[in-house]
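Here is a briefing on one structure. Keep the sequence and the 3D view open while reading.

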Amino acid sequence: DVALPQLDRFKYQEIVNLAWAYATLGHPSPLLFEKTAEVILPCVNGFGSQDIANTLWAYATLNHHSPQLFDVMAEVALS
C-alpha cells in the first residue's frame, strides 16, 4: 500500500491498472480501494468501456463494495 499516500497524483488509467493488479494477485486492500473510488469518481465520465470493466472486475474480485462508484459507472456505461 505504498501507493496510497500518492494516489491522488496518479492518472486515472494508472489507478485502474493498480486496482486490476491488486485483484489479479488476490490482494485485498480496503483502504486503497476506498481511496481509489474517491480519486476516480470525478473522472469516471472519461472512462472507456475497458476502464469500467477492469475497475468493476477488480472491486468484484476482491469483494469490495463501493455503491456510489458502481452507480456512477453504471450511468456512464449505459449512456
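Predicted model: local features only at pLDDT ≥ 70, side-chain atom pairs only at ≥ 80, totals over all residues.

Residues are numbered from 1 along each chain as its sequence is written, and side-chain values use heavy atoms, with hydrogens and water left out.

A search of the whole structure finds three aromatic pairs. Rings of Phe, Tyr and Trp (its six-membered ring) pair if their centres lie within 6.5 Å; planes under 30 degrees apart are stacked, over 60 edge-to-face, and the rest tilted.

**Aromatic pairs**

- Phe33 and Tyr59 are one of these pairs, in edge-to-face geometry, with 4.8 Å centre to centre and 75 degrees between the planes.
- Phe33 sits in helix 2 (residues 30-40) and Tyr59 in helix 3 (residues 49-61), so this pair ties together parts that are 26 residues apart in sequence.
- Helices here are DSSP runs (H or I, at least four residues), numbered from the N terminus.
- Tyr59 also pairs edge-to-face with Phe70, at 5.9 Å centre to centre and 90 degrees between the planes.
- Phe70 belongs to helix 4 (residues 67-78) and Tyr59 to helix 3, so the pair links parts that are 11 residues apart in sequence.
- Together, Phe33, Tyr59 and Phe70 make one aromatic cluster.

**Burial within the cluster**

- The classes rest on relative accessible area: buried is under 20%, exposed is over 50%, and partly exposed is in between (1.4 Å probe, protein chains only).
- Phe33 and Tyr59 are both buried.
- Tyr59 has a relative accessible area of 0%.
- Phe70 is partly exposed, at 26% relative accessibility.

**Thr36**

- Thr36 lies in helix 2.
- Its relative accessibility is 3%, so Thr36 counts as buried.
- Leaving out residues up to four places away in sequence, Thr36 touches Leu7, Ile15 and Tyr59; contact means heavy atoms within 4.5 Å.

**Phe10**

- Phe10 is in the segment before helix 1 (12-24).
- With a relative accessible area of 27%, Phe10 is partly exposed.
- Neighbours within four places in sequence aside, Phe10 contacts Ala3, Ile15 and Leu18.
- Phe10 and Gly46 are 36 residues apart along the chain, and their C-alpha atoms are separated by 15 Å.

Definitions and conventions: Helix = DSSP H or I, 4+ residues; strand = E, 2+ residues; numbered from the N terminus.
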